[in-house]
Amino acid sequence: MNDSIRSALTQGGIIDITTTGRRSGQPRRIEIVYHVIDGRFYIGGMPNPDRTRRWLSNLEADPKFTFHLKNRVSADLPATARVITDEVERRTVLEHIARAWNRTDLDAMVADSPLVEVTIDGLGDPPSVS
């Protein structure tokens, strides 16, 4: 993996992800935001107890997906998702995301926000964040 990709990964921001449809088996691509927290990558979303996120259901069925960098640097990176369900871990990660989004509803986020940790396949150690 080249240095420009490693550097771009440290920034967080808007990306696309391509998951595999859990029923159709077809690729499903969406735009989403990722965060870098303590050198780890996370994808989260706004709390909504009445809405099932298809991308999250797809990742629960098949955690392999493509992480598409698309701004300063373009790259299609194979990745694996780990859906975070542990309440303590969710709260720890979502505190950072809530702060980044200027949100004050952390309890609602912990209860109802999608949250996954992303491992970029072949990356090795997470890139340093300066």
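A pocket, found on a 1 Å grid over the protein atoms alone, is an open set of points with protein on both sides within 12 Å along at least five of seven lines, and its lining residues have an atom within 4 Å of a point.

## About the model

This is a predicted model, where local features need pLDDT of at least 70, side-chain atom pairs count only at pLDDT 80 or more, and totals for chains, interfaces and linings use all residues. Residues are numbered from 1 along each chain as its sequence is written, and side-chain values use heavy atoms, leaving out hydrogens and water.

## The barrel

Let's start with the strands (DSSP runs of E, at least two residues, numbered from the N terminus). Here 6 strands close into a barrel, ordered 1-2-3-6-5-4, with antiparallel pairing (to pair, two strands need at least two DSSP bridges between them).

Across from Arg82 you'll find Glu117 in strand 6.

## The pockets

Now for the largest pocket, which holds about 450 Å³ of space (a volume is the space filled by probe spheres set on the grid points, which are joined across faces, edges and corners). Its lining has 20 residues, and Ile30, Arg51, Arg53, Arg54 and Trp55 lie nearest the centre. Strand 2 gives the largest share of that lining, 4 residues.

The second largest pocket has a volume of about 210 Å³. Among its 16 lining residues, Arg53, Leu56, Asp112, Ser113 and Pro114 lie nearest the centre.

Notes
On a 1 Å grid over the protein atoms alone, a cavity is a set of points where a 1.4 Å probe fits but cannot get out, and a pocket is an open set with protein on both sides within 12 Å along at least five of seven lines; lining residues have an atom within 4 Å of a point.
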